[in-house]
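Hi,

Please take a look at the structure below when you have a moment.

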Amino acid sequence: ALSLNPRYQKGFNNLGLFYLNQGKLEEAGNQFRKVMELDPNFLPAYINLAVVLNRQGQVEQAKKCLLKALEHDSENMEAHYNLGLLWESQGVESKALEHYQKFVSKAQGPYTELANALKKRWPALK
């Protein structure tokens, strides 16, 4: 797909996801950055890059990517979920809960089960 259309954002994003699943974090990050260069409004690339950065131990950079995604779409549930994970991993349960609640309020379809599991954990986060 990328050889046919070298500006195909979804192609770069999908290639980045492939690398991410293979544990090739540097290559994955490069693909997500290419998408962001092509289209700064392609929010999945910000979220996916945040996952890469978090796995590389660059938590503050990961947060910045997720906050940037929320600047474009303040209701983006995937960004809220991932911010919840980051805050929880840092022991800031109140911030984690805030973002998890925003995720749960929008969750539906394939996210319903995850939302229900998060709701059960809320008392531990308060």
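This is a predicted model: local features need pLDDT of at least 70, side-chain atom pairs count only at pLDDT 80 or more; totals for chains, interfaces and linings use all residues.

Fold first. The protein has seven helices and zero strands. From the N terminus, the order reads α-α-α-α-α-α-α. Its radius of gyration is 15 Å, close to the 14 Å that the globule rule gives for 126 residues, so the protein is as compact as a globular protein of that length. The C-alpha trace spans about 50 × 30 × 25 Å along its principal axes.

Next, contacts and surface. Take the contacts between residues at least 6 apart in sequence: 39% of them join residues at least 24 apart. Of the 126 residues, 40% count as buried. The accessible surface is about 7300 Å², and carbon and sulfur atoms account for 50% of that. There are 16 positive and 13 negative charges, and their mean positions lie 2 Å apart.

Now the core. The largest nonpolar core holds 38 residues. Leu-49, Val-52, Leu-66, Tyr-100, Phe-103, Leu-118 and Trp-122 touch the most other members. Each of the helices, from α1 (9-21) to α7 (112-125), supplies at least two residues of this core. The largest share, eight residues, comes from α3. In soluble globular proteins, nonpolar side chains tend to be buried together.

Leaving aside residues up to four places away in sequence, Phe-103 touches Met-77, His-80, Tyr-81, Tyr-111, Leu-114, Ala-115 and Leu-118.

Best wishes

Key: Residues are numbered from 1 along each chain as its sequence is written. Side-chain values use heavy atoms; hydrogens and water are left out. Helices (H or I, at least four residues) and strands (E, at least two) are DSSP runs, numbered from the N terminus. The radius of gyration is taken over C-alpha atoms; the globule rule is 2.2 Å times the number of residues to the power 0.38. Buried means under 20% relative accessible area, exposed over 50%, partly exposed in between (1.4 Å probe, protein chains only). Contact means heavy atoms within 4.5 Å. Accessible areas come from the Shrake-Rupley method with a 1.4 Å probe; for residues, only the protein chains shown count as cover. Lys and Arg count as positive and Asp and Glu as negative; His and the chain ends are not counted. The place of a charge is taken as NZ of Lys, CZ of Arg, CG of Asp or CD of Glu. A nonpolar core is a set of buried Ala, Val, Leu, Ile, Met, Phe, Trp, Tyr and Cys residues joined through side-chain atoms within 4.5 Å.
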